[in-house]
Amino acid sequence: MEGEEQEQQQTQQRSTARRDQLTYYQTLAQKQWQESKVFEVNAATKEDEKTIKFFGNFPYPYMNGLLHLGHAFSLSKLEFASAYHRLKGENVLFPFGFHCTGMPIKACADKIEKEIKTYGNPPIFPSMETADAEAVEAEKKKEEKEFKDPTKFAAKKSKAAAKTGKQATQWGIMQASGIADEEIPSFADSMHWLEYFPPLAKRDVALLGCQVDWRRSFITTDVNPFYDSFVRWQFNTLKKLGKIVKAKRYAVYSPIDKQPCADHDRASGEGVGPQEYLLIKMHVLEENFETLECLKPLKGKEVFLAAATLRPETMYGQTNCWILPEGEYGAYELKSKEVFVMAERAALNLSYQEQFEEEGKPKLLCTMKGSELMGCSVKAPNAVLEKIYVLPMLTISMTKGTGVVTSVPSDSPDDFMALSDLKSKEALRAKFNVKDEWVVPFEVIPIINIPGYGDASAPAVCEELKIKSQNDRQKLDEAKHRTYLKGFTDGVMIVGEYKGKPVKEVKPIIKQEMVEANTGLIYSEPEKMVMSRSGGECVVALTDQWYLEYGEENWKDVTEKCLNQMNTYHEESKKNFEHTLGWLRQWACSRSFGLGTKVPWDDQFLIESLSDSTIYMAYYTVAHLFQGDYDMYGKKFGSVEPSKLTDAVWDCIFLGAEKPSESEFPRDVLDKAIAEFNYWYPFDLRVSGKDLIQNHLTFSMYSHTAIWPEGQENRWPRAFRCNGHLLLNGDKMSKSTGNFKTLGQAIEEFGADAVRFALADAGDTVEDANFSDETANAAILRLTKECDWMESMMNESSDERKKLRIKGDDDKSGDDFADRAFENSINFAIEETQKYYENMMFREALRTGFYNLQAARDEYRQAVGEKEMRLDLIEFFVEVQTLLLAPVCPHTCEHVWKNVLKKKSKHVVNAGFPSKSKDVDVALMKANAHVNKEISNWRKMIAKVQAPPKKGKATVKTTVTDMKIYVAKEFIGWRSQCLQIMKEKHSRSKLDSKEVMDALKNATELLQEVADGNFKGAIKVMMPFIKFKMDEVNALAEDGASALENTTVFDEFRVFEETSDYVCKSLGLNSVKVFYTTTTSGDKDDDSKDDEKVKKAKSESTPGAPSVAFGTLEEALENM
């Protein structure tokens, strides 16, 4: 057993040896960087003022847990960009803060406190079986009280039961984060979170090798008095500018927390806002209180069925009212003493909108099933008909609107099909006890004319799509898509007071008139379900609090100007910003629960977490001057006490206001702060996930344009770069499924450079990217093997280096094709990689600056052989490869720079971007690619010739030994004429196929030559060539014209002559010879007789597509 264990241990050591090699480089490099303080930067002095500055930042992560790979992916975009700009020699500021504002930390702390009180310390939670039973019982009670939609699938296990287990408890979540049981009780104090997680986040970011100036770090909230002072100044400034007002507005609201629930306060439903409806008050007629048992307790009261609608202009066409037969409804008395019949969920929402006597407690008079209301007669406001009836609809959702739906079959496809089903299906009427007189007499009432659909769009579109029933969900959704928007934009009223007027004009007018006439009531609810981090479902409440006036016309116009002068890198990102600016309106910016900075003029409130994080990038520029000794908490006062930082001081630093006296604030510190801000601001780049476009990033633009208005555009953000979410090994990251990695775990598993490599390779677009363990493991192997190879090449005493050829030795002139092609490939890699780094396309930079460059080295080695590689080119390659990879893998590159290349000055991180040895030769690039492409083609041809004989055939296996390459000097005949026609039609990097075909039809001489004037016959012959050339033109874009020349852009004959040895060796042949298809004086002649094989090769060869003739062993033996 001991022997087996020892063997397993040795195997494990071997399997991690290469990773440990990278980790060793990582430790050494980070120690060197820390000692030299290479990432700590200040505003340039006069001597260095010509140095370009680069200031990039990243939304400070929330400190309610460890950083994970999702954080690292967004962070890596900034890290690679900063590293690239530092490598170029720019003065780069990359600061990093920690977000603690808001309610998530407080909510988690409260959960731990509650679990300890309920289950002990450490808590003993109910067993899975007990908990499951309790959850199911609780769900049953809930279902008895609430309402179930019979049209929706219901899982046998409730959500509560499904989530039961340790992971569902806050204690279990803390355990899963690696926190010991004895330490978890400390987290019942929210302040402990602020002390525990930020240092761990800093540790992991530093381990990743991020080039951060840690002097400028801080945590948010009033725990840091310096940052607290800055945020107070920011809000005082916005209030002075009239950008903050107190008002009553609808907001998504958490009843548990008793405050609005913003995006970062939510467990689910981020981005969901209030949806405003008009409640249509359908008056229950007196006759119903005698005939319907469920309404008898309400006799003597004003009772209304409350139907929620988004289309008040269609109320003229009401023909009935829909109710879900199995739905549970309640009769609720409002403070107006009117009684509304609606779903309980809707009543709860309405109770937070000042419509009931007591907030959050709708007054319930009685309950009823939907089926009990069938046949109830009502007077519908604005309806042409005096009386309509309640009918059954099976597709009503009790979780949207009020559960009561008004029916307008002229303009609603759903209503039309449901009414048609009831009218045509007697059995359906019988099933729900619907009398004929409630349904059959009622016809569609035309109310709106829509071009293309007439006066009744719903019947028209249902007929067009051949919809047969109310259950044809997919087609009904398509019908709504076709008519609803068109009805608003192009529809014209044909009834009522506004007959002849456009719907888009009268819709808000009709809505307002109904509210004023008390036939309608404004009602709002969340667009979709929102759950707060405290665990409760949110409602929409009418809240009296402080709002930022986002969307105000003048402010919005200036902010749009800011967007238009900013680099968003992707068009999709810009469109998302434009969309957000289009819909974003007032934002509730104060809270009563959580952590943060108090509203300066109203300290009963805290500033909301998305509102205090819009211009803190400016604070980064001066934080190190006020906070002492790398103190993110602001406990160690640096040059001043926090109380000295008055609004007047901040005005002076950030707005250029008059300087306070020396007694009020130290002048030397103030001057440094002003210099730092003026030098670094605006920031050059902010990197973020695309999900923050709809809030944080747009808020940031608004705040910048308010505090630094028009005339101070030089303070506005220069660029936002947004990315998608990160998948892990192709699947969504999720703690519950186990497909999850913290940043620390990833670094421990792969080492920092392999993690960085995989992050760079994960994706460049705004679509979701993928971190692959396979890529990270492959990076470990490739990086360590490359280091080993570089060391062998650069070691003066190594045998490998001694094999290298020195330029000019013996008969080598240094002008060999392989040498020139390799040097050209290195220069091309420098040019292309810099282009991709500039555009933050790091996966592409990795492709051109690593994968392609490695492939070029391997091709070169194969072309000349290990012994004949040129020393100066290998040295050039090693240095360029190290510098091109440095932004992505700095630790490994630092090792190569210092220990392999023996560079004494500077670190690799600021060594300078590599320079080309000469301009890129495009023709040489094409020639090299051409040779390698043809080698691949010829290899396949040889394999085919040498393939074993098919079964049953008595032929001998063929062995190819020699090859003759036939190169055509230029296109001749019909091909040349086709090229001329295409050249004439080529313009602006494009070639229109129709124009080419029209020109060919008129080329009578060409058609005659190819197919005796037969156009179809000629096209059949010419089309493959024409299509090939057109594809080549389109692929080359701006350089497309070169594909239409009669010759290649390089000397094809010379290229194959120079590479004949390489071709010969690559294909395993004895000899390769090159000839022209036609010879003139001075050309090398093929002294062999033109047999059929040679004739065929010569006739098929064209420029850029040489043909070959193979010589075989069998032929040689035959000729002996």
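Visitor: Which residues of H18 meet H23?

Guide: This is a predicted model, to begin with. On the H18 side, Ser 573, Asn 576, Phe 577, Thr 580, Leu 581 and Trp 583 make the contact. They meet Ile 693, Gln 694, Leu 697, Thr 698, Met 701 and Tyr 702 of H23.

Visitor: How many of those are nonpolar, polar and charged?

Guide: Seven are nonpolar and five are polar. No charged residue takes part in the contact of H18 with H23.

Visitor: And at what angle do the axes of H18 and H23 cross?

Guide: Roughly 80°, and the axes come within 10 Å. H18 spans residues 571–583, and H23 spans residues 693–707. At that angle, H18 is roughly perpendicular to H23.

Visitor: What about H11 and H15, where do their axes cross in degrees?

Guide: At roughly 135°, coming within 9 Å. H11 covers residues 413–424 and H15 covers 473–490. The two helices are therefore oblique to each other.

Visitor: Which residues meet there, H11 to H15?

Guide: H11 brings Pro 413, Asp 414 and Met 417. H15 brings Arg 473, Leu 476, Ala 479, Lys 480, Thr 483 and Tyr 484. That contact divides into five nonpolar residues, one polar and three charged.

Visitor: Switching to salt bridges. How many does the structure hold?

Guide: It holds 68.

Visitor: Take Arg 266 and Asp 263. Are they buried or exposed?

Guide: Arg 266 is buried, at 7% relative accessible area. Asp 263 is buried as well, at 5%. Their side chains meet in a salt bridge, 3.4 Å from N to O.

Visitor: What does Glu 338 form a salt bridge with?

Guide: Lys 281, with the closest N and O atoms 2.9 Å apart. Glu 338 sits in the loop between strands S9 (328–333) and S10 (339–342), while Lys 281 belongs to strand S6 (residues 274–284), so the pair ties together parts 57 residues apart in sequence.

Visitor: Buried or exposed, those two?

Guide: Glu 338 counts as buried at 14% relative accessibility. Lys 281 counts as buried at 5%.

Visitor: And Lys 903, which residue is its salt-bridge partner?

Guide: Glu 879, with closest N and O atoms 3.0 Å apart. Lys 903 is in the loop between helices H31 (890–900) and H32 (922–945), and Glu 879 is in helix H30 (residues 871–885), so this pair ties together parts 24 residues apart in sequence.

Visitor: What are the accessibilities of Lys 903 and Glu 879?

Guide: Lys 903 has a relative accessible area of 26% and is partly exposed. Glu 879 is at 27% and also counts as partly exposed.

Visitor: Which residues are linked in a network of salt bridges?

Guide: Glu 40, Asp 213, Arg 215, Arg 216 and Glu 676.

Visitor: New topic. Where is the place of His 986?

Guide: In the loop between helix H33 (973–985) and helix H34 (993–1001). His 986 is buried, with a relative accessible area of 18%.

Visitor: What is His 986 in contact with, leaving aside its neighbours within four places in sequence?

Guide: Leu 991, Val 1033, Gly 1040, Ala 1041 and Leu 1044.

Visitor: Last one. Which residues does UniProt list for the domain?

Guide: The unreviewed UniProt entry gives "Aminoacyl-tRNA synthetase class Ia" for residues 30–112 and 193–772. In the model, residues 193–772 are 33% helix and 19% strand. The end C-alpha atoms of that span lie 31 Å apart.

Technical notes. Residues are numbered from 1 along each chain as its sequence is written. This is a predicted model: local features need pLDDT of at least 70, side-chain atom pairs count only at pLDDT 80 or more; totals for chains, interfaces and linings use all residues. Side-chain values use heavy atoms; hydrogens and water are left out. Axes are lines fitted to C-alpha atoms, for helices over the stretch in contact, and angles run from 0 to 180 degrees between N-to-C directions. Helices (H or I, at least four residues) and strands (E, at least two) are DSSP runs, numbered from the N terminus. Angles under 35 degrees count as roughly parallel, over 145 as roughly antiparallel, 65 to 115 as roughly perpendicular and the rest as oblique. Contact means heavy atoms within 4.5 Å. Ala, Val, Leu, Ile, Met, Phe, Trp, Tyr, Cys and Pro count as nonpolar, Asp, Glu, Lys and Arg as charged, and the others, Gly among them, as polar. UniProt positions are given in the numbering used here, feature names are shortened, and annotations may be inferred rather than shown by experiment. A salt bridge is a side-chain nitrogen of Lys or Arg within 4 Å of a carboxyl oxygen of Asp or Glu. Buried means under 20% relative accessible area, exposed over 50%, partly exposed in between (1.4 Å probe, protein chains only).
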